[in-house]
Amino acid sequence: MAESMLNIEDMEIVLDEGTPEVFMDVSKDANISEDDIFDFLDVQEIETPTIETKIEVPDGTSENEELAIVYNLEGNTIQSYDSHKDINAEPVDDQMNNSQSKRTKLDDKDDDTVVEGPRSRQMGKIPLALRGLIGQAKMFMLRKNYNMAIKICVNILKECPNASEPFFTLSDIYEQIGNMKKSLETAVIGNSLSSVTSEDWVLLGETCEANNMLPLTDFCLTKAIQKDRRNLDLHIKRASILEQLGTAKSAMNEYDRLLRKLRPDQKDSITTLSKLLIDNFVKNKNYERASNILIHVFNLFPDDIKPNDFVTCLDYLVKTKNFRKSLELLCEHYNIDFVADLNNETSVIEILECTAPITMPMLVRVKLIEILVQLEAFSMLSPIYEPVLNMTDVNKFHLDIANILFEANQHEHAIIFLERLINSENELFDQHQHALKIKYSDCLKTLGHLEQAIDNYNKLLDVNPQQLTVKFDLYMSLKKLNRIDQSLEVLFQNDMENLDCRLLYEYVLASYDKDDMFEKCWKAANLMFSRHCLPVHSLREVKSMLAIHNVENRHDTLLTMKKELLGYQHDNVLTINPLPSAEEEWNIMCAVCLKCIEKNLYYKGLKLLLSAMNSTVLVNYNHQIVLNAIKFAYKVRAYKLGFMLSRYLLLKYPQAPQISNLFCFLLKKCSAKKQAKFIFRLAAKYPDNIALNLLDTNVFNDAYNYQLLFSRYTELLNKLDDKSQLYFMLGVIILRLCTFKVGADRHSLSLQGIGFLMKYKEHRGVEHEQECYFNIARAYHQVGMVAKSLHYYKLVLETKPFSEERCLNHAAAYNLHLIYLDSGNVDVALMYISLVQV
């Protein structure tokens, strides 16, 4: 009987997918005076409203005095403390910090902490007694005695924390030292404590940006906007900084509201602000809001709509599948007429009629064709693109329409434009000629003009023989025309190393049943499967794979292990043409394995199946692969490998009795040790699984606790339908126990054992009577009841066997010869020994 591949139930994978909801901000009250729209614009500051900077005051000793200054940008307060005296204050790098956390750190009343409340209106003024110190600090700075200058400024700040002049002086000092970070931080604090103009904040912000201090730049621009809200350039500049910081969303919402308030006479501001918003929304792929901005601008300036901007708006609407709004805009601005079925008046189901005026710009007409294609209104395409066809010169509109129709598989429409493009003498399309000819040939093939398509494919291959896409299309076209020889010639004319995955699949499919090409077929199959299968060379790698229960992670883990230990380099296979499906690859693997069985090449088939166990494509067939690998491992006598694989399957399918039988069979074949605990735990986990519990009891049978064995077999009698095997095992256990007993106990145990064997005969059936008679005779023979054994051995000779392969006549005749030989009856012994086949 011909062998076949084994099969196992596929595993079902269920994936739960959720769709996140998107919530849009609700715009504010629209009833705002037009003169005050900038004043009502919210300019949100950054989320870290404090600056902490540490000023060291060298005094010539080993330990320098340090003053940590925290400036609160929200409440306009100054907090300062001596960092050496504050035991709870941790060293803080110069950075933007959260004000709430800083206030918590400064709550310790035992420290020498100076906390000032909100600054007064004269916040930048210094008392007359301290003004002379500022001049001294500047003199020391000019003399480059920076330590003394810093010390004087710190002493002033201890007495007057809200003064701005010491911070400006410190900024100049740090700038001369070369510490730009501290210089800018102190300058920002000084600006905040003094009355400076918007231009001053802008200049400081530009300096911060040049030094890559974006949070400070945002703060400076925020202060500048608060002083000059109508300067739109400042808003745009701040938006770019927020975008770099990744916090531009709130600002964009405010600018969107601002755009809605601008009047039509503010066209320059509207243009600039709308461009900023559109660029940001498109960058974040928020096409819906970008299209809303453009529609708003179109409503403000309907006479200034440019076709390019209109098509851009339609493109954003198409990306969001808002076809109804697209058609409404076309109807409003370009006077198209259409009749459509709507779903709850929100989305378009079907276009019933559509007509476009002849004066519509060609660019907009091309976009209308794209919309109709996506709505599958193919019957209305001809009158829409007819004005483009009537154009004398071939231009880019023909190319755009051809690509749109070809990608939508509307080959009967696309071939008209492709033919004109191919025959065009326009030099602009010379670089597209090759791709256009391929598409034209594909259209011919799809429309059934196979002869013309084959001629075109041959011409393309003459120009470049390495075009795998063209070669595949030519092969399939010849195959459809039943030109098998020519198709195989196309497939086999190049080395298989130069083929991509799909052509390799076709190569294997065409050659696996040809005996003279099996080696090439085997090589092509290995090359095709190497795309997602890694070769397995040792039991260690098999153990590593089986230890990973998630099949999809096996490939990456094994690849990492082979790279680190063996320096393995994975060869890449080309994937130009459409890849074969997982089912097609599994079917071709089964065909190759069957060919290996036919040719007795079990080792090759085993290597192929082991490599497929780590496949990321054949995940759904993994257990079938393992099951067939067990078969091939048994054929090459790799019993230990087969046992490992059967143990893995037993964990996956503990309720399958066939797999339990495989495990038990291979367990005996490879003489594996220390498996009793594994079987015991699995049987305890599935108490209703009779096969596992029977296997557990049989493994435990090697022990000599006969009383426990007897009780376990007795428990199984109530669970198993076919009780013949259990009665036989119970009889064997009791007869084995007879060998350790003497006297009356031995006699009673013998009777009990024979009784169980009689029960075994009743349940075994009439067709297996010869087997039952032989086992009963063998039991009588073992316990020394020779007369009874003679009777049953003779019944064995008289009974018809179940099959010729299971005939026990020779064994019974040999045992009869031994009995008569022991009794001295040599003639009868010779008579029975003559029946034994040598």
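## A mostly covered helix

Helix H18 is mostly covered, with 10 of its 14 residues buried. Keep in mind as you look around that this is a predicted model. The buried residues include a run from Ile 438 to Leu 444, made up of Ile 438, Lys 439, Tyr 440, Ser 441, Asp 442, Cys 443 and Leu 444. Gln 433, Leu 436 and Lys 445 are buried too.

What do the buried residues of H18 pack against? Their partners are four helices: H16 (396-407), H17 (411-422), H19 (450-463) and H20 (468-480).

## Checking the length of H18

H18 covers residues 433-446, and at 1.5 Å a residue its 14 residues should span 20 Å. Just after H18 comes Gly 448, which takes a positive phi of about 95°.

## A nonpolar patch on the surface

Now let's move to the surface. Leu 821, Val 826 and Leu 830 form a nonpolar patch there, and together they have about 260 Å² of accessible area.

Val 826 belongs to helix H39 (residues 826-833).

## Lys 227 and its contacts

Our last stop is Lys 227, in helix H7 (residues 214-227). Which residues does Lys 227 touch, not counting those up to four places away in sequence? They are Val 196, Thr 197, Ser 198 and Trp 201. Take Trp 201: Lys 227 is 26 residues from Trp 201 in sequence, and their C-alpha atoms are 9.4 Å apart in space.

Technical notes: Residues numbered from 1 in each chain as written. Predicted model: local features only at pLDDT ≥ 70, side-chain atom pairs only at ≥ 80, totals over all residues. Heavy atoms only, no water. Helix = DSSP H or I, 4+ residues; strand = E, 2+ residues; numbered from the N terminus. Expected span 1.5 Å × (residues − 1). Buried < 20%, exposed > 50% of the residue type's maximum accessible area, 1.4 Å probe, protein only. Contact = heavy atoms within 4.5 Å. Patch = residues over 30% accessible without salt bridge, like charges linked within 9 Å, V, L, I, M, F, W, Y side chains within 5 Å. Areas by Shrake-Rupley, 256 points an atom, 1.4 Å probe, with all protein chains shown as cover. Salt bridge = Lys/Arg side-chain N within 4 Å of Asp/Glu carboxyl O.
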